[in-house]
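Welcome! Take a moment to look over the sequence and the 3D view before reading the notes that follow.

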Amino acid sequence: MLTLTIFENVNCTMYSVYGNRNNYTYFFDYFRSYLVIVMSSFLDDIRSAKLKKSAHATKDYSSPKLAGFTSSQEIKEYQNAVLDVNTELWQECLKDITFPSKYCPVSIEEAETFVRIFERMFKNLDAESISKIDFWTNLTPEEKTVIDNLSCKLDVVLQEVIRNSKEGCAFVKTSSRSPKDAPMAHGKFGDLYQSYLSKLSEEERNCENQQIVCLLKSAFEAMKVTSAREVMQLMLTSERIYQDMLLALEIKERYHENFVVREFVPIDVDMEFRAFVFDLELTAIAQYNYLIFSNRLLKEKDVILERLQNFYKEEVKTRITTKFPRHFIVDFAICKDKIWVIEINPFLVSTDSGLFSWEHERHLLEGKEGFQFRIVEKAKPGAKTMLPSGVKCLLSKK
């Protein structure tokens, strides 16, 4: 018999559906903010690391794995697992339930140029330092030629998507991930944050939960683009994109990278969810932006859970081909009467597990104790401590 139990701990409440089980202890080890800038180079660390088991706990950041490999074969398996869920491998079979998209191919030469530019100008710099660099004037003639040619190709695809978009703008990612760490490095993000904050009452402006909601809205809004130049500004200053290009270039026999140009679809920050699939069975779902509390989400949790479970069973699982991995992590967005598949990620510890812990709760994500559903149950002080220092400074400018 399935039961619904509520656990309160740290800044969240866990709604776990399972059979007879008592004295459950929840270990919530690491937070990942939507806004965290991950400043590490995957391949540099892999090459310099000793091939032995890591003595440190694995952190749940949405970035390439940096330690814990025991052989070059494990490294290759990891790299292939990431490439196995690239957008091109699932977009067609899920085209009716994901955002309308078009591709702009990125050649090996163009990807190598991205890597060189980032390493020369931005590697190991924080967001504030990056924001002070006018990289357009610092491109070499060769780099400028490559970026200009790619921009011309991209603009053709971009304008076609924008013409069909209700919002009059687009969202652009690569085959793997989006440059969502980049907006913090540009003035647009700060301006949007102040704009959202100004619409609140004085009491709301002093509310930590509301401040973080405004940050998340600003980060998402800053991803809107209408020109190829804006896209390049995001892509070339993103540590995430740099990491992904490095990984793609490492296995050239599988190289197949694109800019994925999507119609921009507004998504409420409390209506994104991370779902875990093991052996094609939906094992767990969690609130994606887990630094915030949403009263709406709390009130509608049962209805939302049922909708998401039915959506996966009826719309996603039935479309997955036999060639696709049987274990993966999929992000959903609820937009009124429509549920979208945002993206699919590898079922690896390098993919942020949100309100779950890879180290202590992998068995739950593998479905060994029944289905799990977790959301943040109430706002508690201290969430801001999980944000990068640059973002904390932004919060102080209320």
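A polar contact is a pair of N or O atoms within 3.5 Å. Keep that cut-off in mind for this predicted model, where the side chain of Asn-289 reaches the backbone oxygen of Val-269 at 2.8 Å.

**The chain as a whole**
- The protein chain has 14 helices and ten strands.
- Of its 398 residues, 55% are buried.
- The chain exposes about 18000 Å², and carbon and sulfur atoms supply 50% of that area.

**Around Asn-289**
- You can find Asn-289 in the loop between strand S7 (281–287) and helix H11 (295–299).
- Asn-289 counts as buried because its relative accessibility is 4%, and the cut-off for buried is under 20%.
- The C-alpha atoms of Asn-289 and Val-376 are separated by 9.1 Å, although these residues are 87 apart along the chain.

**Aromatic rings**
- The whole structure holds twelve aromatic pairs.
- One of them is Phe-118 with Tyr-242, which is stacked because the ring centres are 4.6 Å apart and the planes are at 15 degrees.
- Phe-118 belongs to helix H3 and Tyr-242 to helix H10, so this pair ties together parts that are 124 residues apart in sequence.
- Phe-118 and Tyr-242 are both buried.
- Phe-347 and Trp-358 make an edge-to-face pair, with 5.2 Å from centre to centre and 90 degrees between the planes.
- Phe-118, Phe-122, Phe-135, Trp-136 and Tyr-242 form one aromatic cluster.

**Charges over rings**
- Look at Trp-136 again: the charged end of Arg-229 sits over its ring, 4.1 Å from the centre.
- The charged end of Lys-338 sits over the ring of Trp-340, 4.7 Å from its centre.

Notes
Residues numbered from 1 in each chain as written. Predicted model: local features only at pLDDT ≥ 70, side-chain atom pairs only at ≥ 80, totals over all residues. Heavy atoms only, no water. Helix = DSSP H or I, 4+ residues; strand = E, 2+ residues; numbered from the N terminus. Buried < 20%, exposed > 50% of the residue type's maximum accessible area, 1.4 Å probe, protein only. Polar contact = N/O pair within 3.5 Å; in protein donor to acceptor, adjacent residues only side chain to side chain. Areas by Shrake-Rupley, 256 points an atom, 1.4 Å probe, with all protein chains shown as cover. Phe/Tyr/Trp six-rings, centres within 6.5 Å; stacked < 30°, edge-to-face > 60°. Lys NZ or Arg CZ within 6 Å of the ring centre and 35° of its normal.
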